[in-house]
Amino acid sequence: MSNMEKNLFNLKFAAKELQRSSKKCDKEEKAEKAKVKKAVQKGNMEVARIHAENAIRQKNQSVNFLRMSARISALMEKFERQFETLDVQTAQMEDTMSSTTTLTTPQVMHTLAYYADIVVLLDLNMELPQGQTGSVGTSVASAEQDELSQRLAKLRDQV
């Protein structure tokens, strides 16, 4: 599980926990209201006032928990949207990079082969004896020279 997924899970968990706390406060508010009613029936106004304050406090806490839960839910939804957008952008970038690599690899290989052949031809030219006299040596050297010139011309035509 990635770090982002863990954070998303934690946000969802926190939002549900806040909703549970809100429900718990609602139950406690109802219990305090019942205590207010019993205290009023018994004529104990000071105890009724304390229970009424507790009921109001529980109601406020319940509302605050719901607000916080709504904020975490909104944050979670925004986080999910950004996470999905990031997934789409990553996939698109990977596709683009793989297609670019696929397109350039043959071109790179062709260019490398071209320059490797040029280097070989230049090395062969350097190794050929210069100014040899004699018909056998001259004919072999000129045949090799012709062959190298033809290969070089073909390579130039290809590029």
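Biologist: How many aromatic pairs does the structure hold?
Modeller: Two, in this predicted model. Rings of Phe, Tyr and Trp (its six-membered ring) pair if their centres lie within 6.5 Å; planes under 30 degrees apart are stacked, over 60 edge-to-face, the rest tilted.

Biologist: What kind of pair do F9 and F13 form?
Modeller: Stacked, at 6.4 Å centre to centre and 20 degrees between the planes.

Biologist: And Y114 with Y115?
Modeller: Those ring centres are 4.9 Å apart with planes at 75 degrees, so that pair is edge-to-face.

Biologist: Is Y114 buried or exposed?
Modeller: Y114 counts as buried, because its relative accessibility is 14%. Buried means under 20% relative accessible area, exposed over 50%, partly exposed in between (1.4 Å probe, protein chains only).

Biologist: Switching to charges, how many salt bridges are there?
Modeller: Five, taking a side-chain nitrogen of Lys or Arg within 4 Å of a carboxyl oxygen of Asp or Glu.

Biologist: Which residue does K33 meet in a salt bridge?
Modeller: E29, at 3.3 Å, N to O. E29 is buried at 9%, while K33 is partly exposed at 49%.

Biologist: What about R49?
Modeller: R49 bridges to E53, with the closest N and O atoms 2.6 Å apart. E46, R49 and E53 are linked in a network of salt bridges.

Terms used:
Residues numbered from 1 in each chain as written. Predicted model: local features only at pLDDT ≥ 70, side-chain atom pairs only at ≥ 80, totals over all residues. Heavy atoms only, no water.
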